[in-house]
Amino acid sequence: NESLREQVVSVQEQHVFSPSLLNTARFGYSRASFFFTGYTPLEETGWVTGKQIGAIVISGSTASNGASQITQAGTNVGSNNKTSRNLFTEDDHIYWSKGRHQIEAGGWLERVQSNDLLAQNQFGQASFSNLKTFLQGTVATFTVVPSPTELGWRSLEGAAFIEDVVKVTPRLEVRAGFRAESTNGWNEAQARASNYSIVNGVLQTTPLVGGSALSTNRAKFLPAPRVGFAWDVWGNGKTAVRGGFGVYHGLLDTLDYRLNQTAPYNTSESIKSIALSNLSITPGTPPPAGTKVSPSNVQPDIATPAVLTWSLRIEQQVAPRTTLTAGYVGSHSYHQILSEDMNEPTPQYAPNGDIYYPSTALANPSLANSTSWVSQGVGLYNALEVDARRTFGNGFQFRGNYTYSKNLDDGSAWNTSVSDNTPAFVEFPLNPRLDWGPAATDVRHSASINGSWELPFGTQKRFLNHVSRPADFVVSGWTASGILALQTGFPLSPQLGYNPPGNGDTRNPIRPSWNPNFNGDLYPRKPGQYFNPNAFIQPTVSVPNSSGGNTIYGTYGNVSRDSLVGPGLSQLDFSLVKNSRITERIGLQFRAEFFNILNHTNFLTPNEVVYSLAPTIATTGNVQTVTPSSISPTAGVVTATSTTSRQVQFGAKFQF
């Protein structure tokens, strides 16, 4: 159940000092309020006194709305969340024309007030290792925020810029500018901003509480130069070359999403291996024995995400009323936000380089595994774009776009619910580059073709141009339009529903290994098995021990992140529009719109969990053997469609 309320008001004043000098001043206020909760048909009392049943995950990830072997049950982990955000904005722009120069300069200032009750897991989330332990009522990991507290976050953001557009020659225009942005950090109105400090790479047990959540503000001065040009190559208006380069920043004004889960005001508690019958949480009373605080924090000196973008396009008129544009677009991002666990055991490395954990003791054993945001992510995007347009003389227009792109990064989302097709958490926090691969938004091929045709019937048209006025009212004024969208699928990461290396991170972003003996078809592309799970094996590593034998450990698999490609998309939408004039002042419009007119089935990403149970390791004398577990019966199964079935709607508009 979701409710939204938005209010916006703005005032603008323009003053003309002279024909060449103009000033525009604006002031605006906006407020957006949001409330979300989930409901279940269960009437029984939930795990938290006075609340309903929380989220249930079976053999999957305990991340917010993460992957599960079977469909999740219970309420969404974001239930009972609400926020009201106020923005007070001021800006002033000066426009000055001087000879060949068009100069623009200005400043922008915004006050952010965000009053939040956004703690996740207020009803609790129970994760079960497999279906058997679910039926037995044995919870592998239970996470809950029993006493949520509303917090008031504040930030002041500002920017200043200057830009000059110069007509260098009659055929060449250059635009160059410089922008600088700044914030005063991320602060709490009543000095309740809490965050965990890091000493020698280890999270400290007790969070620091104060006015600011950040120990260092790295957003005091963020320079962003930009330059672009447009060139009429031959001076006849038929060939144009455009290009540009710019630096852009994404100011971090949503840190409250993570910091609203931080102790002591919104303490996230975690307990492992507890009977379902013993789960009874009463706010204000001691938690069950064995409960630990699960830290939620951001890097205390977090950097501001930035991206360098560049582009070059050539537009050519190839025939009358026909243009063709081809271009290259690229970008490189850095300081991107990654989600990771900053409280894991100390790893060891086998002779072949595989990672394992001889001890499962966490770096700070007083805390549970953490949910942390760090600014270590990078990304790279390159694309070829082609755009063709044609206008015919008989009322027919056509346009086609095609993009071939490659989008790479080492983390695409801050939580799993944002990027359903790939884990949000870094697999191995000490080396995020192991996650380098296609981004969750990587679509290699994308094409869109659209056209419209004014049907040639009625007065002054080719056909039926001498019919009576009543008949002309029926046959004239029709326009047919269509859009065909085609794209390859989003990538996805095969996952494991258990924690192979034993590092305690129950978000389970760990991937399997490739099966060297697999020779079948990787993509059967059936709803019951979109990809073949037999292509993967459970990752283990054999390490020599002091007894002269080997010890087998679970490890990280060699399958790269987002190594599979999910179902593509194909959809044709069609519309018929009729415009009729009853009198000079009165008109009538009729519309018939057909979405997915061919009723083509487009599938959603299949279930990514390949193995839900750990392999069995047996010891005979000084020899250990591994017996793999069975493949999850839901691996590769498609359970939903990504688009609706055919939808038809009709509409009429009376114009006067």
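**Backbone exceptions, ring pairs and cavities in a predicted model**

Leu-464 lies in the loop that runs between β28 (445–454) and α3 (469–475). In this predicted model, phi of Leu-464 is near 55 degrees, a positive value in a residue that is not glycine. With a relative accessibility of 44%, Leu-464 counts as partly exposed. A phi near 55 degrees is also found at Asp-562, again a positive value in a residue other than glycine. Asp-562 is placed in the loop between β35 (550–554) and β36 (564–565). The relative accessible area of Asp-562 is 3%, so this residue is buried, the cut-off for burial being under 20%. A further backbone feature is the cis peptide bond from Ala-263 to Pro-264, with omega near 5 degrees. Pro-264 belongs to the loop between α2 (256–259) and β18 (269–275). Most peptide bonds are trans, and most residues other than glycine have a negative phi.

The chain as a whole contains 3 helices and 42 strands. Its C-alpha trace spans about 95 × 60 × 55 Å along the principal axes. Of its 656 residues, 43% count as buried. Among contacts between residues at least 6 apart in sequence, 72% join residues at least 24 apart.

A search of the whole structure for aromatic pairs returns 17. One of these is the stacked pair of Phe-590 and Phe-650, with 6.3 Å centre to centre and 20 degrees between the planes. Phe-590 lies in strand β38 (residues 587–595) and Phe-650 in strand β42 (residues 647–655), so this pair ties together parts that are 60 residues apart in sequence. Phe-590 is partly exposed, at a relative accessible area of 33%, whereas Phe-650 is exposed, at 61%. Phe-654 and Phe-656 form a tilted aromatic pair, with 5.8 Å centre to centre and 35 degrees between the planes. Phe-656 is exposed, and its relative accessible area is 78%. Elsewhere, Tyr-357, Phe-428 and Tyr-556 are linked into a cluster by ring pairs.

Charged side chains are also placed over aromatic rings. Arg-433 lies over the face of Trp-436, 4.7 Å from the ring centre. The charged end of Lys-578 sits over the ring of Phe-473, at 5.1 Å from the centre of that ring.

Ser-129 occupies the loop between β7 (125–128) and α1 (131–136). This serine counts as partly exposed, with a relative accessibility of 33%. When residues up to four places away in sequence are not counted, Ser-129 touches Ser-59, Ala-140, Gly-497 and Ser-612. The C-alpha atoms of Ser-129 and Val-202 are separated by 28 Å, and these residues are 73 apart along the chain.

Rolling a probe the size of a water molecule over the atoms shows where empty space is left. Over the whole structure, 4 cavities of 30 Å³ or more are found. The second largest cavity has a volume of about 110 Å³. Its lining is made up of 13 residues, and those nearest the centre of the cavity are Thr-183, Leu-214, Asn-217, Ala-219 and Leu-252. By residue class, the lining of the second largest cavity consists of 7 nonpolar, 5 polar and 1 charged.

Terms used
Residues numbered from 1 in each chain as written. Predicted model: local features only at pLDDT ≥ 70, side-chain atom pairs only at ≥ 80, totals over all residues. Heavy atoms only, no water. 1 Å grid on protein atoms, 1.4 Å probe; cavity = no way out; pocket = protein on both sides within 12 Å on 5 of 7 lines; lining within 4 Å. Points joined across faces, edges and corners; volume = space filled by probe spheres on them. Nonpolar A, V, L, I, M, F, W, Y, C, P; charged D, E, K, R; others polar. Phe/Tyr/Trp six-rings, centres within 6.5 Å; stacked < 30°, edge-to-face > 60°. Helix = DSSP H or I, 4+ residues; strand = E, 2+ residues; numbered from the N terminus. Buried < 20%, exposed > 50% of the residue type's maximum accessible area, 1.4 Å probe, protein only. Lys NZ or Arg CZ within 6 Å of the ring centre and 35° of its normal. Contact = heavy atoms within 4.5 Å.
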